[in-house]
Amino acid sequence: MNTINQSLFIPRAPLTEKNLEDQSGRVFIVTGGYTGVGYELSSILFQRNGVVYIAGRSEEKAKNAITTIQQLHPGSTGRVEFLLLDLADLSGIRQAAKTFMARESRLDVLTNNAGVMIPPKGSKTTQGFELQLGTNCLGPYHFTQCLLPVLRQTAAVSPPGSVRITWAASVTIELYAPRNGVVFDPNGSPREHRSQESNYGQSKAGNYFLAVETARRYHDAGIVSVAWNPGNLKTELLRDFKPVKRAVWEMLMYPAINGAYTELYAGWSSDISLSNSGCYIKPWGRIGHVRKDVEIAAKRADQGGTGGAEKFWEWCESITRQY
C-alpha cells in the first residue's frame, strides 16, 4: 500500500516555482544538477534569484545546462556555477568542498541529488566499493561532512530550520531493500548482494539512515536533515536498463520536474522544521514513512530500534576518515 501511495494518485505539489519565495542572498549546492531532477531544481532556484552550484563530474554537461538555465531566466539576479565533484572517488571530494568554501561564505541547502541506479553487475567505485553504495551513500556522506563548517556557520546566522541537508531515498526501499534496510557482514560492512536491485534498495535505505542520523547529530547546530523519494521519473537513472525493461518502467513514470518539486518541498517548505527533522518526504511533497522494519532499524536501541542507522553511519565514517 505504501508503494502505491508513493506512485499513483499523487496530489499536486504544494511548493513549485510559482509560490517559492525569493531566494536572493542564499546559496545552494545540487549534486548532479545538470540533468534530470537536479537540473530542474537548479533551474527553479536560479529563477528565484538564488546562487546555485551544480556539482558533478562533467564540466561539459554542466556548462550546457548553465547556459540553458541562464537563457530560460534572463531576469534572474542569481548565479549558477559548476563545482567539480566525483562521488565515486573519495580522494577528490574534500577538495571539491574546499573549492566551494573558498568561493562562498554560506551554504543554505545541500541537496544530495546525484546517484546511480542498477548499473552492470560488478560495477565499482575508484576505491573498489559496490558502485551504488559508494556513489549514493559514501560519496554524499563524505561531501556533507566536509561541508559541515560552512553549514554550521550559515545555521548560526539564519532562521531556525532554514539550513538543510537533504538525501535521495526511493520507493525502492519498499520493493528492493533487504530486511532492516542494510545487511551487515560480521565485520560490520554492508553486504554486497547478488541482485543489483537489492544493492540499489540497500543504498537508498542507507541514505534514509544517513538523513536520520544527520538530523540527530546536528539538531543542536540548527541544521535540518530529511530524506525524500523524488517519485518514479523519466531521467538518466534509467540509462543502464535494457530497452524492454526501460520501456515498461517509463510507462509508469512522470516528468523530472515533479521530482524537483519533491526536492523543493524537502529543502524549502515551511512544513519542515527542526521539530520534524529526520522525516521522510514522498512525492510531490508530503511527509510519509518508509517500510516499518527500515523505520525501526533507523532508531537507536534506547529508542526501541535496532540501531542500523547508527551502525551504517559509523561504517561510513570509518571508511571516509582517511580521505
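1. Two strands are taken to pair if DSSP finds at least two bridges between them, and the strands themselves (E, at least two residues), like the helices (H or I, at least four residues), are DSSP runs numbered from the N terminus. On that basis, eight strands of this predicted model form an open sheet with mixed pairing, in the order β3-β2-β1-β4-β5-β6-β7-β8. The edges are taken by β3 (79–84) and β8 (286–288), each of which has a single partner strand, so one side of each is left without a neighbour in the sheet. From one strand to the next the twist averages 25°, where angles run from 0 to 180 degrees between N-to-C directions and axes are lines fitted to C-alpha atoms, for helices over the stretch in contact.

2. A word on the basis of these remarks: the model is predicted, so that local features need pLDDT of at least 70 and side-chain atom pairs count only at pLDDT 80 or more, whereas totals for chains, interfaces and linings use all residues. Residues are numbered from 1 along each chain as its sequence is written, and side-chain values use heavy atoms, with hydrogens and water left out.

3. Strand β4 (residues 109–112) sends Val109 and Thr111 one way and Leu110 and Asn112 the other way, and all of these residues are buried, buried meaning under 20% relative accessible area, exposed over 50% and partly exposed in between (1.4 Å probe, protein chains only). In a regular strand the side chains alternate between the two faces of the sheet. Strand β1 (residues 27–31) pairs with β4 in the parallel sense over three bridges, and Val30 has Thr111 of β4 as its bridge partner.

4. On β5 (residues 163–168), the pairing with β4 is again in the parallel sense, over four bridges; Thr111 stands opposite Thr166, and Asn112 has Trp167 as its bridge partner. Six of the six residues of β5 are buried, so this strand is largely enclosed by the rest of the structure. Val163, Ile165 and Trp167 point one way from β5, while Arg164, Thr166 and Ala168 point the other way. Six bridges join β5 to β6 in a parallel run, with Thr166 opposite Val226 of β6.

5. Strand β6 (residues 223–228) is in turn joined to strand β7 (residues 280–282) by two bridges, and the two run parallel; here Ala227 stands opposite Tyr280. Helix α9 (residues 256–268) packs on the sheet, where it touches β1, β4, β5, β6, β7 and β8, and its direction makes about 145° with that of β5. Contact here means heavy atoms within 4.5 Å. Helix α2 (residues 36–47) lies across β1, β2 (51–56), β3 and β4, and runs at about 165° to β1.

6. The elements β4, α5 and β5 make a right-handed β-α-β unit; a crossover is called right-handed if, with the strands pointing away from the viewer, the path from the first strand over the helix to the second runs clockwise.

7. Helix α4 (residues 93–103) packs against helix α5 (residues 131–155) at an angle of about 30°, with the axes 9 Å apart. In this contact Ile93, Arg94, Ala96, Ala97, Phe100 and Met101 of α4 meet Gly139, His142, Phe143, Cys146, Leu147, Pro149 and Val150 of α5. By class, the contact has ten nonpolar, two polar and one charged residues, counting Ala, Val, Leu, Ile, Met, Phe, Trp, Tyr, Cys and Pro as nonpolar, Asp, Glu, Lys and Arg as charged, and the others, Gly among them, as polar.

8. Some backbone details deserve a second look. Most residues other than glycine have a negative phi, and most peptide bonds are trans. Asn49, in the loop between α2 and β2, has a positive phi of about 75° although it is not a glycine, and with 14% relative accessibility Asn49 counts as buried. Ile118, in the loop between β4 and α5, has a positive phi of about 50° and, at 9% relative accessibility, also counts as buried. A cis peptide bond, with omega about -20°, joins Pro283 and Trp284, and Trp284 is found in the loop between β7 and β8.

9. Finally, Val51 belongs to strand β2 and counts as buried at 11% relative accessibility. Leaving aside residues up to four places away in sequence, Val51 touches Arg26, Val27, Phe28, Arg79 and Glu104.
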